[in-house]
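Hi,

Here is the structure I promised to pass on. My notes on it follow below; please have a look at both.

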Amino acid sequence: MNNLDKLLEFRLERGKLITQQLLNKVVDFNEEQINLLLNRKGQVIDYQLGTLQTDLIEGVRRRRSKKRLSGLRILVFHKGKRRIKKELVLKYRLDNLTYFNLNRQYLEIIFPEIKQGRLTGIAKQQLGLKEADTFNYVDIVYKLEEELSHVETHQIKQSQERAILVGSKEESLKELKNLTTTAKVEVVTNLTIRDRVVDPAYYIGQGKVSQIKRTLINQQANVIIFDDELTPAQYSNLEEGLGVKVIDRTQLILDIFAQQAQTKEGQLQVELAQLKYLLPRLIGQGAKMSRLGGGIGTRGPGETKLEIDRRRIRKRIHRLKKDLKKIRKNRQLQRKNRRHPVISLVGYTNAGKSTVMNLLTKAEVEAKGRLFATLDSTLRQIKLPIGRQVIVSDTVGFIKKLPHDLIAAFKATLEEIKEANLLLHVVDSSHPNLKERMAVVHDELEDLGVLDKEIITVFNKADLVADNKLDLLQRDYPNSVVISALHGKGKERLLNKISSFIVQGMIKVKLKLSYDKANWLDRIYQEGRVLNRSYDNQGIKLEAQIPNRLAAKLKKYKI
Ligand SMILES: Nc1nc2c(ncn2[C@@H]2O[C@H](COP(=O)(O)OP(=O)(O)OP(=O)(O)O)[C@@H](O)[C@H]2O)c(=O)[nH]1
Ligand SMILES: [Mg+2]
């Protein structure tokens, strides 16, 4: 047995990058460079001396599934000179490529980087020997493989999509048009179906189907967007009958959500909602799983799409739920430690919530004038003129016919509302249908079980509305404020209204705290307002306006 062949007897503990024993052996050989090929079980499969060459891995049987990494990694021992072979990592989908510097005793680990289910580059990490001992690389491999299994449900090919909109109500169609433009898709025309001749198989009557067909050709459109939710059968019939991609309102909204989700949590939520929506639509379609192409931009049943089976989607859904749970738990913890009252901005999409948030906090929350510009709740702390700190949270906008599944998917954002002490219902007062929109928001709030909370109605965009209309609104809604967030008008009125609500929940107390209880002082300052304070040799005397809750805790210090 060649002396070096002894290396093949090595088996590292699963997940370990390197062990002292292996290192000792390698040092014994005193070679310039030794490259080892290992499997995920930790067995050394092959070795090579000198510069790292492809043939170390070339002949080895690898996993074929593109949805996993190869299960192989390369460990290189070198004495300072090395050239990182990034292409090896990508070509062979290595779990990682690790360089150990024998002179300086540290590791460089090269992991593949995966985005949207594809290997896109590499990520580097350095570790000392000690850290390496507790480092489990397999954890990372699993994370990466998770990413590899990402199901692509969304891909917009901007400027290529030309859509025909189909719906039965004028007003709703207008909104659908807005949504479509927000999704960066061109609307070529819309068709209203009035006295609908219903053919359950097609959702619309046969006559309409032929009309759409003609319009498709005349207008060179390639997508049809329906204002209502379609059943799986209607989808597949319509797609077959019309020969173009068919999308419904829910999918369109999901598409927009997918484009606009910013945070990890938001992205996970959207993906979950998309998959949940798609899953039942795959069932019963047999081989025609083209729906997986999902939203806009995907044309026809691409062969690769067919490979994606339901089992994988279910697995992904499971994983997403787990990840979201983790994130939410974290959030809850943060929330528990929160001492300040929370004020949530709610309202119809595009009402100006984020602009109000900006006005109140001077923060740069995205206020874009697109629908659903805000998908993740954003929190900011502000100090009211009465000296009290509060947290303001911006949330995702409501919309008519927002599918319930979606509401559920956005639970985390909406949970913020459940925790709120006060809701600011922001209304675009310039909108002709503002009352209907207010009702939509109320319905959703009712569903969330938060209607018992104090609500201040904020009539925004006052600059666009005649004074007499504003007067009427204020008469109808006594607990309201008129503002123009964009122009900074009415900020004081709004702050005063919020302050008076906050003060309602507070009482004035006189306290005496001995110096060893002075730590309460912090809390009193944070949550309340100190009106008077004096010191003597026994302690601190205070007069303060504090929340009832806190007052109860401080009962024994009352004077
Ligand atoms: N004229 C006028 N426009 C306003 C006012 N407040 C907001 N806007 C505009 O209304 C549009 C929507 O504002 P946002 O603050 O993004 O609305 P939002 O409610 O946060 O919308 P989503 O996050 O999509 O639900 C933007 O173009 C704002 O500039 C206002 O007081 N007057
Ligand atoms: Mg917003």
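Helix 6 and helix 9 cross in the left-handed sense, meaning that the near helix is turned anticlockwise from the far one by less than a right angle (clockwise would be right-handed). Helices here are DSSP runs of H or I with at least four residues, strands are runs of E with at least two, and both are numbered from the N terminus. Axes are lines fitted to C-alpha atoms, for helices over the stretch in contact, and angles run from 0 to 180 degrees between N-to-C directions. Leu176, Leu179, Thr180 and Thr182 of helix 6 meet Arg249, Leu252, Ile253 and Ile256 of helix 9, where contact means C-beta atoms, placed from the backbone, within 7 Å.

A word on provenance: this is a predicted model, in which local features need pLDDT of at least 70 and side-chain atom pairs pLDDT 80 or more, while totals for chains, interfaces and linings use all residues. Residues are numbered from 1 along each chain as its sequence is written, with chains lettered from A and ligands numbered from 1 in the order in which they are written.

Six strands make an open, mixed sheet in the order 2-1-3-4-5-6; strands pair if DSSP finds at least two bridges between them. Strand 2 (44–49) and strand 6 (118–128) are at the edges with a single partner strand each, so one side of each has no neighbour in the sheet. On average, neighbouring strands are turned by 20° against each other, direction ignored. Helix 5 (residues 137–148) packs on this sheet, touching strand 4 (96–101) and strand 5 (106–115), and its direction makes about 15° with that of strand 5. Strand 1 (residues 33–39) pairs with strand 2 in the antiparallel sense over five bridges, and Asn35 stands opposite Gln48.

Arg93 is not a glycine, yet has a positive phi of about 45°. Arg93 sits in the loop between helix 3 (86–91) and strand 4, and counts as buried with 22 C-beta neighbours inside 10 Å. (Buried means 20 or more other C-beta atoms within 10 Å, exposed 12 or fewer, partly exposed in between; C-beta atoms are placed from the backbone.)

Finally, confidence: the chain averages a pLDDT of 83, on the predictor's per-residue scale from 0 to 100. Residues 283–294 stay under 50. Where pLDDT is low, the predicted coordinates should not be read in detail.

Best wishes

Conventions. Contact = placed C-beta atoms within 7 Å.
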